[in-house]
Structure formats: structure tokens, C-alpha cells
Amino acid sequence: MKTVPVRAFSASITALSLALAAPAYAQQSSPDSSTTDTKTDDFHSADEIVVTAPYVERLDLLSGTSAVTGDILAEKTRAQLGDILASLPGVSATSFSPGASRPVLRGYQGNRVAVLTDGIGNIDASNTSADHAVTIDTLTVERIEVLRGPAVLLFGGQAVGGAVNALDKRIPRAIPDEPVHVDALVAYGSAARDYSGGASVDVPVSDRIVVHVDGSYRNTDDTRTGGFVLAPSLRSELFDFATRQAGAGNAAGAAETRGIANERGRIPNSAVKTWTAAGGAAFIDDGGNLGVSYSIYDTHYGVPDRPATAFTAPSGSIVATPVTIGMRQYRADFRGEVNLGDGLFDKLRLRAGYADYTHTEFEGSEIGTVFISQGIEGRAELIQNDRNGWRGASGVQYQTRDFEAIGAEAFVPPNKTRQYGLFSLQEYTTGNLDAEVAVRFDSVELRADTLGLARSFQNVSAALGVGYHIGDLKIGANVSRTGRAPAVEELFSNGPHIATQAYELGDPNLKSERAWNGELYARYDAPGAALSATLYTNRFDSFIYEAETGAVEDNLPVFAYFQKDAVVWGVELQGSKRLASFGDMNLSVDGVADYTRSKISSGGGNVPRIPPLRLLGGAELSGGQIDLRGEVEWSDAQTKTAAFETPTAGFTLVNASATWRPFGRDHNVAIIASANNIFDVTARRSASFTKDFVPLSGRDFRVTARVSF
């Protein structure tokens with residue numbers, strides 16, 4: 001093939017004025033996740049793709065990585081990203097509703113977790129509030145990665161909790177060998193009567209140009225749960241309220257209240273309907289590549305209601321008008337790469353996205369509040385050639401968002417966010433020793449012109465990591481200093497938010513949140529066995545958190561943002577071991593354990609909504625045509641709660657799955673049957689705002705078919 005000269009890309013590069021890099025393709029054979037599917041087919045690599053720094057061969061100095069792909073991703077696919085990843089070490093989910101669930105990493109959520117699409121932000125509103133859906137199509141995405149620890153400062157100092165990156169093929173990365181390449185998945189789940197399917201098609205139209213189209217559809221009913229919909233504390237509150245209603249002569253109201261307290265079976269108003277469509281094209285040659293894509297994400301989902309007994313007169317009704325959310329995002333993406341030769345720099349990589357987002361909260365059939373957001377994010381990165389063990393990358397980043405809420409319950413004023421970033425990451429390897437240094441500068445401007453308020457912040461973040469190899473064992477330590485500017489919602493919120501059923505109150509005087517972060521780790525990777533252990537701590541100056549105050553405004557509980565010092569520490573363990581082989585069948589076991597403890601300093605109590613101790617163990621029999629797996633997940637009760645936060649009961653879930661490849665492992669056809677929560681347990685996530693009235697799914701039988709040809 002002909003080499004494309006650098007000038008062929010220069011016009012696009014200059015016009016974009018973008019920043020920090022498209023991540024991507026460093027290869028890592030990682031023992032860090034037993035749930036990582038490493039089976040090879042013609043569209044999923046057997047190697048891990050590390051979320052960041054494409055020049056790094058093994059970026060495991062500053063953080064470990066986990067990934068979900070292939071048959072494992074197909075079996076776990078759910079409506080929202082958080083629920084797919086919740087079995088990985090250190091990962092939980094907000095589980096606000098079946099239609100809105102964002103990842104929780106090491107107890108952090110919202111603005112402290114970077115959720116990325118192919119290396120840049122989602123450019124949606126999922127980080128502004130727990131009720132907002134993540135605009136990632138889990139039916140057509142080909143890989144989801146989790147990066148934890150200090151290394152994620154490459155995506156900004158705000159991502160102290162970690163980063164989640166979803167990789168799709170909307171901008172193709174390679175020319176298919178076939179005239180037409182098709183990937184498809186269809187699934188049915190019994191708990192929510194979930195019908196879903198997605199497919200993508202790649203067509204090479206020449207030896208250097210590939211065209212891609214994909215689409216998906218999901219339609220679910222209200223989700224079934226194993227026991228009572230409401231938690232015991234909320235049921236008790238309702239029964240007390242019913243007694244007061246009966247004493248006031250309101251027998252009908254008392255009966256209605258008792259009926260809601262005893263509700264079980266399905267979570268009311270939890271149905272989801274989502275569709276997506278996308279198209280893209282890429283030019284790929286020895287001199288580099290250039291590609292674009294355009295996509296639509298459309299979803300409509302219910303927001304389950306908390307019976308508002310504490311804020312309703314004894315003679316009133318506790319049945320609220322159902323709230324649903326309709327959301328659509330139009331998005332355009334660009335990715336480019338120029339090979340620069342054998343000099344100091346190896347490649348120039350570019351990545352950019354633009355999104356037009358509209359989100360409407362309906363109260364019954366009436367429009368309550370409309371959220372409108374338009375945003376751009378771009379990254380550009382110069383990657384250095386490896387010179388005697390020294391390699392690195394330096395880049396710039398730009399983000400902008402114009403956000404407006406319209407309606408009587410617009411809890412945040414119209415606002416604008418502008419952010420610029422510079423970073424450099426350098427790595428050096430000599431013998432058995434690895435060392436890495438990263439530094440980043442961020443400048444953020446936040447404006448709410450209707451209030452006459454504007455704040456600007458500058459933060460410097462830096463990280464240092466060392467690791468030492470001793471045979472199959474690697475030990476290391478990392479330390480970083482990170483800075484995060486307050487988000488618009490933390491500064492300027494002031495009003496009722498009907499979807500979260502809270503009056504949200506920001507603090508315009510918040511200052512930047514800074515933290516010292518440290519990790520100690522050991523990773524053992526040998527044939528047939530792997531073990532990873534990480535101990536981490538974060539010490540915050542001016543930690544920003546949202547907590548219930550006990551006050552009531554507009555018949556809603558007031559949740560306010562506060563700022564105090566805080567200490568977070570935790571541990572993550574993961575291992576796997578092959579026990580025996582029987583012909584072409586292998587018997588193995590694996591396990592995960594994680595724990596996070598978070599406290600506000602100077603007697604401030606516990607940080608709200610932190611996951612408790614969790615243990616997960618599984619056994620798997622795998623072969624050429626059939627895989628059989630069973631697992632048990634135990635979650636401890638969470639009693640270390642913040643003021644006005646209710647405790648969360650512990651639970652044990654038992655799951656099983658079977659994967660059949662009728663034509664063998666080398667042919668990309670798989671039929672997967674799974675049974676989740678076999679014993680129909682009522683389970684609630686402590687990280688969820690809605691845990692007391694939105695439990696997890698009850699017993700769920702799923703059948704999934706996945707093909708690639």
C-alpha cells in the first residue's frame with residue numbers, strides 16, 4: 001500500500017485545535033481480571049487493550065486494569081454500564097434505576113470517575129446527577145475497560161476514583177479480510193421481559209477505506225424483584241403513616257398506604273426502551289489513519305418513586321405522579337493518527353467529539369424540566385519513540401460544555417464550562433526496574449451568567465510509580481498528588497429536582513479538592529495461576545461531598561454539598577487458579593475481594609453511599625465447545641453510614657451460566673444461557689440514592705446468541 005504523506009492530514013489537524021490523545025492500543029496480557037475474556041476471534045483480540053498511553057507496552061505501574069469483552073460481555077450486557085461492571089474488583093454501581101446506573105470505583109462516583117468513549121468523555125449529563133443515563137450503547141460496544149488508581153490523572157485530576165473506557169468500532173481501526181464483516185447479538189431476560197439486540201456491519205470499499213454501520217434496540221418491562229420493593233425501614237415508616245391516617249378517619253388512604261408498603265413482584269415505573277444508530281468510515285494506510293462517525297442514542301426510562309410519607313399530610317395521598325425521562329444524544333466523532341518516523345516522535349494521535357444532548361423529565365404526560373447540553377472534547381498527543389528503555393507522550397486537552405435546564409424545577413442555572421489541560425507521561429525501564437513520572441496542568445472556568453457568578457481554578461497533578469520484577473512476581477508503589485475543580489452542580493445547584501426527589505443545594509464558595517494518593521501492590525502471573533493485591537489510600541484536602549441535611553424544602557429532603565478533609569483507604573484482591581485438566585477441558589477457580597473505608601476528618605462521620613466488604617468466588621469448567629460456570633457473591637451489610645443515611649442489609653447472590661459454541665472455539669458463534677440471583681434474593685446497593693425503594697433484579701433467566709462472520 002502507498003504511504004500517505006504527513007501533509008495529507010495537516011489541514012484536519014490544524015482545523016481541529018484539539019488536545020490530548022486518543023488512547024488505545026498498548027497490549028497487555030493482564031492477570032488482573034478473572035472476568036476478562038481472552039478468547040480469540042476475528043474481531044476481539046486475545047490481548048488486553050490498555051485504556052491509556054498507546055506507546056506503553058505494559059502500563060501497570062500506576063494502576064491495574066480490568067476488561068470485559070467477548071462472550072463475557074455478551075452474557076453480562078444490561079441496559080446500563082454500571083451493572084455490567086459490578087463484578088470487577090473495586091467496582092460497584094449507582095443502580096439508581098434499571099435505566100440509569102453509572103460505575104462506582106473504589107467508592108467514588110459522579111465527577112470523580114471518568115466515563116469515556118474510545119478515550120474521550122461521553123459528553124452527556126450522566127455525571128451531573130445519578131438519575132441521568134450513560135449514553136454508551138452496551139449492545140454494540142466491543143470492549144469495556146476499567147483503569148483504577150493514580151494513573152488516571154492522564155484523563156484529568158478529577159478522575160481520582162478511576163476511569164471506564166468503552167471501545168466500539170464506529171471509527172474502524174483495521175481493514176476486514178472479508179467483503180462484509182458482521183457482528184450481532186440478540187438476548188432475552190426474564191426478570192424485566194427484556195428483548196434486546198444489536199448488530200454492526202463493516203464493509204471495505206477499497207484497500208484503504210472501511211465503512212461501518214451499527215444499531216441496537218432494547219425494550220424492557222418493569223423489573224421483577226425477589227421480595228418487597230421497599231426496604232424494611234421504609235415499610236415501617238409507611239405502616240406508621242397508615243396508622244395516623246386511620247386515626248384521622250382516612251380509612252381509604254390507610255389501605256392505600258399499607259398496599260404500597262406490601263408491594264412486591266415488580267418495581268413500578270422501571271421500564272426502559274432504548275434504540276441507537278451509528279455510521280462511520282475510516283481511511284487506513286501505512287502513513288496513518290483518519291476516520292469519522294455519527295451516532296444517535298435515544299432512551300426513555302422510568303424513575304421509580306419513593307413514597308413521600310414524611311412530607312405528606314396525614315390526610316393526603318402518597319401516590320405521586322410517575323416521572324419518566326426521555327433522552328436523546330446526537331454525536332459526531334473524529335480520530336486521526338500520523339506516523340512520524342524514526343525521530344524523537346513516533347506518532348501524532350488526535351481524538352475529538354461533539355455532542356448535542358437533550359434530556360426531558362416528564363411528570364405523567366406533562367413536561368417538567370428539560371436539560372440541554374452541547375459539548376466538545378478534543379485530545380492530541382505526541383508519542384515518543386522508544387530509546388533505550390525510555391518512552392513517553394505529551395499532549396493537550398480541551399473541553400467545553402454549554403448546559404441549560406428549563407422548567408419550574410430547574411435545579412441548576414444555565415452554565416458554561418471551559419477546561420484546558422496539558423500533560424506529559426514518561427516511562428523508563430532498565431533490567432527488572434520500571435519507573436514512571438506523570439504531570440498534568442488543568443485550567444477550568446465555570447460560569448453561571450444569570451446569577452452573575454464565575455469561578456476559575458488551576459490545578460497541578462503529578463504521579464510517580466516504581467515497580468520491580470522478581471520472576472513471575474511484580475511489586476511496586478505509586479504516589480500522586482491530584483487536584484479537582486468543583487463541578488457546576490456542586491457550585492450552583494439550588495432548587496428541587498423531581499427525578500431525584502430531592503432539593504439540591506450547591507455552594508458557590510467551594511475551592512479545589514486536592515488529594516495525596518498512594519498504592520502498594522503485588523501481582524503474580526504464572527501459567528495456570530494469577531494473583532493481584534492492592535492496598536490504596538487517598539487523603540483529601542477540602543473533599544467535596546453531597547449529604548442529606550435533615551431539612552425539608554418544597555416538600556423534598558434537602559441534599560447539600562459540603563467541603564471538609566477526608567481519608568479513604570481500601571484493599572482489592574483478585575486471583576485465579578487452574579486446578580485440573582480433563583482432555584480439552586480445564587477446571588479453574590477464581591475470586592475477588594474488595595473493601596473501601598471513607599471518613600470525613602475531625603469527627604465529620606462517614607462519607608455517604610460507600611460500598612461495603614464484598615467477596616465473590618467462582619468455579620469454571622471450560623473447553624472447546626462448552627463453558628460451565630457457577631459463582632457466589634456475598635456483600636456485607638453497610639452500617640457505617642452518614643447522617644440521615646439508612647443502613648443497607650447484606651445479601652448473597654448465586655449465579656450460573658453455560659456457553660455453547662456449536663462449531664467450536666475457532667468459529668465465532670456462541671449461545672449463552674445464564675441464571676442470575678437463582679434464589680431470588682432481595683438485594684440493594686449501598687452506593688445507590690434509591691436503594692430503599694429500587695432493589696436489584698430478582699431471579700433472572702437470560703439467553704443470548706452472539707455471532708461474528
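R661 is buried, at a relative accessible area of 3%. I start there because R661 has a charged partner, D627, which also counts as buried, at 6% relative accessibility. This is a predicted model, so please take every value as computed from it.

The two side chains form a salt bridge, with 2.7 Å between the closest N and O atoms. D627 sits in strand β33, residues 626-635, and R661 in the loop between β34 and β35, so the pair links distant parts of the chain, 34 residues apart.

Next, the other salt bridges. The search of the whole structure gives 45 of them. Several share partners: D118, E142, R173, R331, D333, R335 and R351 are joined in this way into one network.

R208 and D285 also make a salt bridge, at 2.7 Å from N to O. R208 belongs to the loop between β11 and β12, while D285 lies in strand β15, residues 272-285, and 77 residues separate them. Are these two buried or exposed? R208 is partly exposed at 24% relative accessibility, whereas D285 is buried at 7%.

In the pair D221 and R193, the N to O distance is 2.5 Å. Both residues are in loops, D221 between β12 and β13 and R193 between β10 and β11, 28 residues apart in the chain. D221 is partly exposed, with a relative accessible area of 29%, and R193 is partly exposed too, with 36%.

What lines the largest cavity? The lining has 39 residues, and those nearest the centre are N111, N127, Q158, Q399 and Q419. By class, the lining divides into 13 nonpolar, 18 polar and eight charged residues. Elements that each supply at least two lining residues include β6, β19, β20, β21 and α6.

Strand β6 brings me to the last item, a sheet. Five strands form an open sheet of mixed pairing, in the order β3-β8-β9-β6-β7. At the edges are β3, residues 65-69, and β7, residues 120-121; each has a single partner strand, so one side of each is left without a neighbour in the sheet. Inside that order, β6, residues 113-117, pairs with β9, residues 162-167, in the parallel sense over five bridges. V115 has V164 of β9 as its bridge partner.

Key. Residues are numbered from 1 along each chain as its sequence is written. This is a predicted model: local features need pLDDT of at least 70, side-chain atom pairs count only at pLDDT 80 or more; totals for chains, interfaces and linings use all residues. Side-chain values use heavy atoms; hydrogens and water are left out. Two strands pair if DSSP finds at least two bridges between them. Helices (H or I, at least four residues) and strands (E, at least two) are DSSP runs, numbered from the N terminus. On a 1 Å grid over the protein atoms alone, a cavity is a set of points where a 1.4 Å probe fits but cannot get out, and a pocket is an open set with protein on both sides within 12 Å along at least five of seven lines; lining residues have an atom within 4 Å of a point. Ala, Val, Leu, Ile, Met, Phe, Trp, Tyr, Cys and Pro count as nonpolar, Asp, Glu, Lys and Arg as charged, and the others, Gly among them, as polar. A salt bridge is a side-chain nitrogen of Lys or Arg within 4 Å of a carboxyl oxygen of Asp or Glu. Buried means under 20% relative accessible area, exposed over 50%, partly exposed in between (1.4 Å probe, protein chains only).
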